[in-house]
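Hello,

Here is the structure I promised to hand over. Please open it first, then read the notes below.

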Amino acid sequence: MSDAELMRKVADGDPESGRRFAGQFQVLVYNVCYSFIHNRHDAEDVTQEVFLEAFRNAGRFRGDAKISTWLYRIAVNRSLNFIRNNRKRRFWQELSAVFDPGPSGSNSQEFEMSDDATDGRLKNLEQKSVIGKALDSLPENQRIAFTLNKMEDLSYAEVAEVMQLSLSAVESLIHRARLGLQKRLKNYYF
Amino acid sequence: MQSDGVKTENKPTMNCAEAERLMIDRVFSGSVLQPDDELNAHTADCAACRSFHQKLSADFNASFPDRKQVPDPDFYDRLFAGKKSGERRSGRKSNGLVPLVRFAPRLSAAAAAVLLGIWLGGRLFTSFISINTASGVSEETLRSEYMQSYAADLNLSDATDLALENYLNFNTETDDTE
């Protein structure tokens with residue numbers, strides 16, 4: 001079954017095709033999300049969001065690119081959005097702590113993200129490894145190109161397709177990302 | 001000691017900067033790349049690069065311990081079981097007004113407290129100034145009263161005082177004429 005055919009059946013609501021699609025690509029999507037977010041629980045949540053978006057928009061898949069390229073693009077965007085929203089969430093949580101430092105402040109039902117699990121997640125993000133910090137400090141485009149090429153094993157051409165850039169631009173981004181990482185890691189390690 | 005861009009005698013084919021970039025490539029790529037003899041030879045000779053590689057590898061393995069290799073068989077079922085609640089949650093999260101609404105009473109309470117503080121402070125300051133001014137006037141009055149009562153105590157209009165004054169005046173006049 002071709003990619004376009006599979007996605008057409010997914011769009012038609014065929015559960016077997018949906019199951020096959022999810023089974024085939026969930027590891028790929030999860031690992032991309034995990035590479036950006038560095039946290040298993042959050043990466044699983046974002047993976048679900050990616051698939052929900054993919055199922056919703058399955059009818060729009062034209063078959064010009066591979067399904068994996070399309071999914072990589074959604075996964076990268078969703079992960080980066082998650083990171084941005086997480087920063088905002090942290091801001092509001094810190095503000096909440098300023099106004100309401102006591103334990104009674106966390107019993108608000110309407111703001112689910114202020115529970116213990118979220119605190120743990122935020123703590124995890126704060127205690128990120130040296131590599132995590134070094135990766136996060138790279139400019140976004142460099143980080144995407146480097147992560148997809150090195151960690152997800154995509155070729156330069158595939159990265160170029162996902163990022164909708166030229167091959168030379170991707171080469172340059174990866175080269176600069178490598179230099180940036182080298183500089184940052186040397187600062188941390190030596 | 002690391003050498004950046006300079007090929008040393010012990011490392012004829014690769015310098016430390018090149019070695020570090022290669023190590024970054026290899027560590028981030030996992031076990032996909034073929035072994036590199038040149039890099040291995042360099043790290044065997046260079047203690048700094050060996051240390052860099054060890055730290056990098058250990059840190060990488062510790063940073064990404066939860067990468068998956070095998071798909072979760074229940075993923076599809078969970079995806080659609082949690083779809084409704086997920087949509088509800090994401091709908092609520094996407095509403096940017098929620099935090100504002102949540103903090104509105106506290107923010108307005110804080111603003112009211114600040115305004116009240118400013119108003120009370122202003123009032124206190126004004127009354128403090130007026131008390132000071134009023135106390136300044138009463139001190140003046142008191143001083144003149146004290147002077148008068150002091151003068152009264154001295155009894156300058158007594159006959160002895162007048163005699164004494166006359167005597168002093170007389171003496172000074174005679175001194176002047178002399």
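**Starting point: Val76(A)**

Setting aside neighbours within four places in sequence, Val76(A) is in contact with Val32(A), Ile144(A) and Val162(A). Two residues are in contact if their C-beta atoms, placed from the backbone, lie within 7 Å. Val76(A) sits in helix α4 (residues 67-99) of chain A. Helices (H or I, at least four residues) and strands (E, at least two) are DSSP runs, numbered from the N terminus. Is Val76(A) buried or exposed? Val76(A) is buried, because 23 other C-beta atoms lie within 10 Å. The cut-offs: a residue is buried with 20 or more other C-beta atoms within 10 Å of its own, exposed with 12 or fewer, and partly exposed in between, with C-beta atoms placed from the backbone. Val76(A) and Leu148(A) are 72 residues apart in sequence, yet their C-alpha atoms are 9.2 Å apart in space.

**How to read it**

This is a predicted model: local features need pLDDT of at least 70, side-chain atom pairs count only at pLDDT 80 or more, and totals for chains, interfaces and linings use all residues. Residues are numbered from 1 along each chain as its sequence is written, while chains are lettered from A and ligands numbered from 1 in the order in which they are written.

**The two chains**

Chain A has 9 helices and 0 strands. Chain B has 7 helices and 0 strands. Of the 190 residues in chain A, 36% are buried. For the 178 residues of chain B, the buried share is 12%. Take the contacts in chain A between residues at least 6 apart in sequence: 64% join residues at least 24 apart. In chain B, 56% of the contacts with a separation of 6 or more are between residues 24 or more positions apart.

**α7 and α8 of chain A**

The axes of α7(A) and α8(A) come within 9 Å and cross at roughly 135°. (Axes are lines fitted to C-alpha atoms, for helices over the stretch in contact, and angles run from 0 to 180 degrees between N-to-C directions.) That angle makes α7(A) oblique to α8(A). Angles under 35 degrees count as roughly parallel, over 145 as roughly antiparallel, 65 to 115 as roughly perpendicular and the rest as oblique. Which residues of α7(A) meet α8(A)? Ile144(A), Ala145(A), Leu148(A) and Asn149(A) do, against Tyr156(A), Val159(A), Val162(A) and Met163(A) in α8(A). This contact has 7 nonpolar residues, 1 polar and no charged. Ala, Val, Leu, Ile, Met, Phe, Trp, Tyr, Cys and Pro count as nonpolar, Asp, Glu, Lys and Arg as charged, and the others, Gly among them, as polar.

Helix α3 (residues 40-56) of chain A has 17 residues. In α3(A), 12 of the 17 residues are buried, so the helix is largely enclosed by the rest of the structure. Among them are Phe51(A) and Phe55(A).

Helix α9 (residues 167-189) of chain A has 23 residues and should span 33 Å at 1.5 Å a residue; its end C-alpha atoms are 32 Å apart, which agrees. The expected span is 1.5 Å times one less than the number of residues. Buried residues in α9(A) include Val170(A), Leu173(A) and Leu185(A). Their cover includes α6 (130-136), α7 (140-151) and α8 (156-163) of chain A, together with α1 (16-29) and α3 (47-63) of chain B.

**Where the chains meet**

The contact takes 32 residues from chain A and 33 residues from chain B. On the side of chain B that touches chain A, α3(B) gives the most, with 7 residues. By class, that side has 15 nonpolar, 5 polar and 13 charged residues.

Best wishes
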